[in-house]
Amino acid sequence: MGHFGGSLYSCKPSGIVTYSPGPWGGMRAAMQIQVMCHTLGCLPVSKLCGMPTVGDLLEKDGTPKNPDDRMLKQLPELLTQLEWMAVAMKNQRDKTGTF
């Protein structure tokens, strides 16, 4: 991400989605990514989406094995927050610009 420079990420929303073959769903990596996003000025929404044992959740083509699995319910919540934050931040950028 440093290749593009931090100013490209400033005052923009982000969402963090992780996965892993193990039981933690990449949550340790998500905590580090969250810090990096804050450092770049790219504010992540509070909802994280971590998918543990991703091979048990998704087929090889990416479709859910069980669409009702509780772990898959995280993504719509994250996207709802991300959309809200994107609209709010755009309105504020249009009103005051960036810093």
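Start by selecting Asp 94: at 54% relative accessibility, this residue counts as exposed. On this tour, exposed means over 50% relative accessible area, buried means under 20%, and partly exposed lies in between (1.4 Å probe, protein chains only). Before going on, please note that this is a predicted model, in which local features need pLDDT of at least 70 and side-chain atom pairs count only at pLDDT 80 or more, while totals for chains, interfaces and linings use all residues. Residues are numbered from 1 along each chain as its sequence is written, and side-chain values use heavy atoms, with hydrogens and water left out.

**Stop 1: the salt bridges**

The term stands for a side-chain nitrogen of Lys or Arg within 4 Å of a carboxyl oxygen of Asp or Glu. Side chains of opposite charge can pair when their charged atoms come close. Both residues lie in helix 3, four residues apart, about one turn of the helix. Helices (H or I, at least four residues) and strands (E, at least two) are DSSP runs, numbered from the N terminus. Lys 90 is partly exposed, at 41% relative accessible area.

How many salt bridges are there by this rule? The count comes to two. For the other, select Lys 47 and Glu 77, whose closest N and O atoms are 3.2 Å apart. Lys 47 sits in the loop between strand 3 (42–44) and strand 4 (49–51) and Glu 77 in helix 3 (residues 74–96), so this pair ties together parts that are 30 residues apart in sequence. Both are partly exposed: Lys 47 has 23% relative accessibility, and Glu 77 has a relative accessible area of 43%.

**Stop 2: a nonpolar patch**

Now select Val 17, Leu 75 and Leu 79, which make a nonpolar surface patch of about 230 Å². Patches are made of residues with over 30% relative accessible area and no salt bridge; like charges are joined within 9 Å, and nonpolar side chains (Val, Leu, Ile, Met, Phe, Trp, Tyr) within 5 Å. The areas come from the Shrake-Rupley method with a 1.4 Å probe, and for residues only the protein chains shown count as cover. Val 17 is found in strand 2 (residues 17–19) and is partly exposed, at 47%.

**Stop 3: Thr 18**

Step along to Thr 18, also in strand 2. Is Thr 18 buried or exposed? Thr 18 is buried, with a relative accessible area of 7%. A polar atom of its side chain lies 3.5 Å from the backbone oxygen of Gly 26. Beyond its neighbours within four places in sequence, Thr 18 is in contact (heavy atoms within 4.5 Å) with residues including Met 27, Ala 30 and Cys 49.

**Stop 4: the cysteines**

How many disulfides does a search of the whole structure find? Zero, where a disulfide is a pair of cysteine sulfur atoms within 2.5 Å. The sulfur of Cys 37 is 4.8 Å from the closest cysteine sulfur, in Cys 42, too far for a bond. Cys 49 is in no disulfide either, as the nearest cysteine sulfur, that of Cys 37, is 15 Å away.

**Last stop: Ser 10**

Finish at Ser 10, in the segment before strand 1 (12–14). Ser 10 is buried, at 18%. Not counting residues up to four places away in sequence, Ser 10 touches Leu 40, Gly 41 and Phe 99.

Methods. A polar contact is a pair of N or O atoms within 3.5 Å; within protein, one must be able to donate a hydrogen and the other to accept it, and residues adjacent in sequence count only if both atoms are side-chain atoms.
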